[in-house]
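Hi,

Here is the structure I promised to pass on to you.

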Amino acid sequence: MGSSDQEFSTPPPASRQFGITKPISTAGPTETDLKRTIELEEFLVDAGLHEISEEATKREEVLGEIDKIVKSWVKQLTRQRGYSDQMVEEANAVIFTFGSYRLGVHGPGADIDTLCVGPSYVNREEDFFIILHDILAEKEEVSELQPVPDAHVPVMKFKFHGISIDLLYASISRLVVPQDLDISHGSVLYDVDEATVRSLNGCRVADQILRLVPNIENFRTALRCLKFWAKRRGVYSNVTGFLGGVNWALLVARVCQLYPNAVPSMLVSRFFRVYTQWRWPNPVMLCAIEEDELGFPVWDPRKNPRDRTHHMPIITPAYPCMNSSYNVSTSTLRVMMEQFQIGNKICEDIELNKAGWGALFEPYLFFETYKNYLQVDIVAVDAEDLRLWKGWVESRLRQLTLKIERDTYGMLQCHPYPNEYEDPSKQCSHCAFFMGLQRKQGVKIQEGQQFDIRGTVDEFRHEVNMYMFWKPGMELYVSHVRRKQIPSYVFPEGYKRPRPSRVICQQLVDKTSGEDIGEECEGGSSERRLKRKGDADCSGARPNKPEKRASISPTHEKLPTTDQQDHEEVIFNDSVDVRANSLKDLMAVKGIEDCVEASCGNDKDDNARKLANGSSFLECGEASAGDLFCNSEMIKVDLEQFAGSNCTIVGGSQELVDDDKQGTSPETEHLKNGSAQNGVADVSEPNLALGVALEAHGSVTADAPQKPALRLSLTSTA
């Protein structure tokens, strides 16, 4: 193993300055802080975040076996290329680790990020991705071997004795690689290409982080805690547009520099305090950005226009310094800032003894947060094809978020959720990802404005289907679903959380009817003009799916298409008021069932607004329109659908007030109005809201404003 894997000694209490600025506080812990740290460490152990000694030993053995394989591989190539016997004997390759394993914060089942450094005459394209790949493929202990040569950092993924390995390769400008190679020295970067620099920098960055923090053990405990928090809150995923392991490590390391004598409980609390007030896009840096005569580009928004488009710069501390969080978009930054605010409030409660550590790690209820979602279904013939296909699609999901931001001028916000789900009832291999959708908070929108993103999704699907290794059976479906249509397999218990009864819902309405409550998650039917089609399923059936699904994407061109399309959501010029004599008459309207939001529990704010707007509940026996329309959603219907029904149509009603005109939630308003004092970056500027220009494909377009939609108002005729 390389010399980079030697342990760094933990320094005494900080006596020198760490980082580019003076610390915020050099105060040490109180007795209470030490007690909370013990409680935090016990919580992390109980949560199973530490691997057992047997697994740690197995990891070391696996790394040793991989080290022997790459050494034998280099000697074999050296002999085949006619070098002398002495050269063959001295031929060498060295394995280094980086990422969570190198930083000492990996948990049970985590993968090991590894780097193989070889001599100049052993290349990546043929020797690594073909010859070494074939050697590994013949090993019985190797499974799920997947080369990714076209990645930003080329990698070979596989499992060795069941342990996941990500193996990179770097060919340095030396004929013989010494076993004690110091990878942190700048000489390893001489005469190498940028892909090799990126491969080397994972190890170089990990080593620099450990050198630049005041206390390594405190850093590790705080980082382990915050990585666990990020996963529980759905913001741990670099590929989705949030932050990955190195990003969280750099953020935590910077807090360690600002509070050099703090213990882990203090560091966790200060982490949220610092980053709720950080003035993004000001960068987070552990050290000054260094220029070098080697001439590799470094992050510098003064010189590089592309660097100016980064929303949340977190700069690596090793030359060449780069932004490790370039995947972050305006939408994912918004989500993370909201989660930082929530974490900060809980930590304040913990310090006041109003809450315990368990409150900080409560899972995020993603499927109860929004009213509208995009569902991305990925299917393949077998598990192996799905693994390859899913990896490609997942790597492109961030582009869908950027494209939606671009095409709606930032008015439609996306919340991609990094968790994947599997429908066990499907006959083929399947997984699904979801995105929450809502209109931008705090912005007045023209009444009836629609977001038609069918073209955006079609563009995304076209790009994804360009996959070089596509096989028959690899399919992708993108559809719009409402909260009530979320499939049951995404819930831990296998079924949806129960909603409060009508009586409880009515009590909530009575309690809040006098308040002016803003909408936290607006995404009603007045936002979109979406074409509907049946949900695709590889078996032909649609288990666990509602009878009708609103789709914004045509079926894959390789599949038979269907001519059956519903057009229940029709845009009209006028607003109407429908008065029904009974709930039965109301439900007789064709297609109205599919438009009803049959949920109540989390929509008490909407109930209050509905009452405030003057709409009363329509009582029909034991049933109540409050049960079905407690979110006061504006439902678009076709005038012709009322023919033959018992409903009376009265035109010209303009009594209801659009939900968005009632204001936004306190949390959203705080973020929006507090950008100056709290340091939250203003992401509403056009150059940011339109997404990263260099990432966008094609011209930036947006549909013309739609005419006001037809609206349905429920009022009692008694």
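Before anything else, please keep in mind that this is a predicted model.

Let me start with Arg220, which is buried because its relative accessible area is 10%, under the 20% cut-off. Where does the charged side chain of Arg220 find a partner? Arg220 makes a salt bridge with Glu217, and their closest N and O atoms are 3.1 Å apart. Both residues sit in helix 7 (residues 216-232), three residues apart, or about one turn of the helix. Glu217 is partly exposed, at 41% relative accessible area, whereas Arg220 is buried.

Asp300 and Arg302 form another salt bridge, with 3.0 Å between the closest N and O atoms. Here Asp300 counts as buried, at 5% relative accessibility, while Arg302 counts as exposed, at 70%.

The pair I would look at next is Glu459 and Arg406, whose side chains meet in a salt bridge with an N to O distance of 2.9 Å. Arg406 counts as buried, with a relative accessibility of 2%. The pair also belongs to one network, in which salt bridges with shared partners join Lys403, Arg406, Asp407, Glu459 and Glu463. Across the whole structure, the search finds 24 salt bridges.

As a general point, side chains of opposite charge can pair when their charged atoms come close.

Now for the strand. How many of the nine residues of strand 5 (residues 163-171) are buried? Eight of them are, so strand 5 is largely enclosed by the rest of the structure. Two neighbours pair with it. Strand 2 (residues 112-118) runs parallel to strand 5 and is joined to it by seven bridges; Ile112, for example, has Ile165 as its bridge partner in strand 5. Strand 4 (residues 155-160) runs antiparallel to strand 5, with five bridges between them, and Met156 has Leu167 as its bridge partner in strand 5.

Strand 4 and strand 5 also make a hairpin with two residues between the strands, where His161 takes a positive phi near 55°.

Best wishes

Key
Residues numbered from 1 in each chain as written. Predicted model: local features only at pLDDT ≥ 70, side-chain atom pairs only at ≥ 80, totals over all residues. Heavy atoms only, no water. Salt bridge = Lys/Arg side-chain N within 4 Å of Asp/Glu carboxyl O. Helix = DSSP H or I, 4+ residues; strand = E, 2+ residues; numbered from the N terminus. Buried < 20%, exposed > 50% of the residue type's maximum accessible area, 1.4 Å probe, protein only. Pairing = 2+ DSSP bridges.
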